[in-house]
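Dear colleague,

Please find below the structure I am handing over to you. I would be grateful if you kept it open while reading the notes that follow it.

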Amino acid sequence: MTISTEYKQRRKQLMTKIGNGTAIFRSAPMAVMHNDVEYAYRQDSDFFYLTGFNEPEAVAVIAPHHEKHKFVLFVQPKDQAKETWTGYRAGVEIAKEKYGADAAFSINELNKKLPEYLKGADKIYYRLGRDRHFNETILRHWQNLMRVHPKTGTGPIAIQDAGTVLHPMRLLKSTAELEQMRKAADIAVDAHNHAMKFAQVGQFEYQIQAEMEYIFSRHGATPAYPSIVASGANSCILHYIENNRQMQENDLLLIDAGAAYNYYNSDITRTFPISGKFTPEQKVIYELVLRAQQAAISEVKPGNPYKQFHDTAVRVLVEGLIDLKLLKGNIDEIIEKEKYKHLYMHRTGHWLGLDVHDVGVYQWGENPQNLQPGQVLTVEPGIYIGPNIKSVEGQPEVYDRWRGIGVRIEDDVLVTAEGNEVLTAGVPKLVEELEN
């Protein structure tokens, strides 16, 4: 299947879901780094999922009820002077030919043309975003149509978040998407393996980051998110990104870094001893987190509630922390009242795909989201015993020998018909593989 066919099938599936509605998707804006310097452009994930179009100032309209134009693109027109400064544009003609639109227009014609694709709809599917001006544009068109609704009896009488119909589609990855995700995983695996060999006492965290991101770039990928290279007590900071500490003897190094390839992401965390050997305290914490992760991964299979792998990880962690006298009390009560949260404060995973924290519902009220083949998620338990951790009422005092130990182990896991596939299994995580 070609990439263009893939996008066409996605649009066709969306059309089936929205029936007589009209769906509108806005491209991501250009983001300013500082003053007038812009970040590299990254398209809105919903927009890209349906079109593959990678330019700002664009709007996609899906109107299955329209007689001729069921997929319409509004894009920036060709402008040689501007393109000299900011890069080539597809323009109207190429937008239609290359991206399969039934019609394409200049973005400057949006207000004039959009009512044609709304008046025959019974509902507008649009996700209110950060672009307030565009939100107001859509609402204004809707209000104008509502004013004439009493006379005509036609037109959209409601607005529904487009994500409610599109995001369940994105949650189930196609064969083509999984090819991109495997590539993103493989690139990140190479980078992590290199980092484990390269890292040594005396280096700075940013040197490890540079080595990894060089490998990303060499393979046509970019960092999926700001890379976390956290040594010593920095490993207890969940989203540490300064990466400027010089690594010391007996440090643990926690690296949370993933690659983005053709918009699809990987997300891997490994924790290992810089000196080549865990201290006794580091080892026992590491082995506990590893047991929790292995138990959690075994629960990733079709039909299991999404939360089951998290609950499994928590129980293993709590049991182990009680054995180590870092927690005390009844296991069920500790879990129910979350008395472990000063040592493990986050969930055990998230959906993964076009976004690192990808779209998709985790729970439908009291009803769980059950795992299905084609879903990809992370499994990432951890224990974080910060150097300044405070005693929690009713729980044991944390002695100095434990302080400053932070461990997280994370893999990307695909739900398959038979169970699961760990896409990032190529990075070592057994103690005997990490010590030398």
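The notes below begin with the chain as a whole and then turn to individual elements and residues.

Please bear in mind throughout that this is a predicted model. The chain contains 13 helices and 21 strands. Its C-alpha trace spans about 75 × 50 × 40 Å along the principal axes. Of its 436 residues, 52% count as buried. As to contacts between residues at least 6 apart in sequence, 70% of them join residues at least 24 apart.

Helix packing

Helix α8 covers residues 175-198 and helix α9 covers residues 205-218. Their axes come within 9 Å and cross at roughly 145°, and the crossing of α8 past α9 is right-handed. On the α8 side, the contact is made by I187, A188, D190, A191, H192, H194, A195 and F198. On the α9 side, their partners are Q207, I208, E211, M212, I215 and F216.

A three-stranded sheet

Strands β17, β20 and β21 form an open sheet in that order, with antiparallel pairing. The edges are β17 (376-379) and β21 (420-422), each of which pairs on one side only. From one strand to the next, the twist averages 30°. In general, the strands of a sheet pair through backbone hydrogen bonds, in either a parallel or an antiparallel sense. Here, β17 and β20 (residues 411-415) are joined in the antiparallel sense over four bridges. V379 is found opposite D411 of β20.

Two buried strand residues

L73 belongs to strand β5, which comprises residues 71-75. L73 counts as buried because its relative accessibility is 0%, under the 20% cut-off. Leaving out residues up to four places away in sequence, L73 touches F47, T51, V59, A60, A95, Y99, A101, A103, A104 and F105. By way of orientation, the C-alpha atoms of L73 and E433 are separated by 52 Å, and the two residues are 360 residues apart along the chain.

S231 lies in strand β10, residues 228-231. With a relative accessible area of 0%, S231 is likewise buried. The side chain of S231 makes a polar contact of 2.7 Å with the side chain of E205. Apart from neighbours within four places in sequence, S231 is in contact with E205, R245, M247, D251, L252 and L253.

Two residues with positive phi

Most residues other than glycine have a negative phi. Y263 is not a glycine, yet its phi is positive, at about 80°. Y263 sits in the loop between β12 (259-261) and β13 (264-265). Its relative accessibility is 14%, so Y263 counts as buried.

K325, also not a glycine, has a positive phi of about 65°. K325 is located in the loop between α11 (308-323) and α12 (331-336). Is K325 buried or exposed? K325 counts as exposed because its relative accessibility is 63%, over the 50% cut-off.

Yours sincerely

Key: Residues numbered from 1 in each chain as written. Heavy atoms only, no water. Axes fitted to C-alpha atoms, helices over the stretch in contact; angles between N-to-C directions. Left-handed = near helix turned anticlockwise from the far one by under 90°. Contact = heavy atoms within 4.5 Å. Buried < 20%, exposed > 50% of the residue type's maximum accessible area, 1.4 Å probe, protein only. Polar contact = N/O pair within 3.5 Å; in protein donor to acceptor, adjacent residues only side chain to side chain. Pairing = 2+ DSSP bridges.
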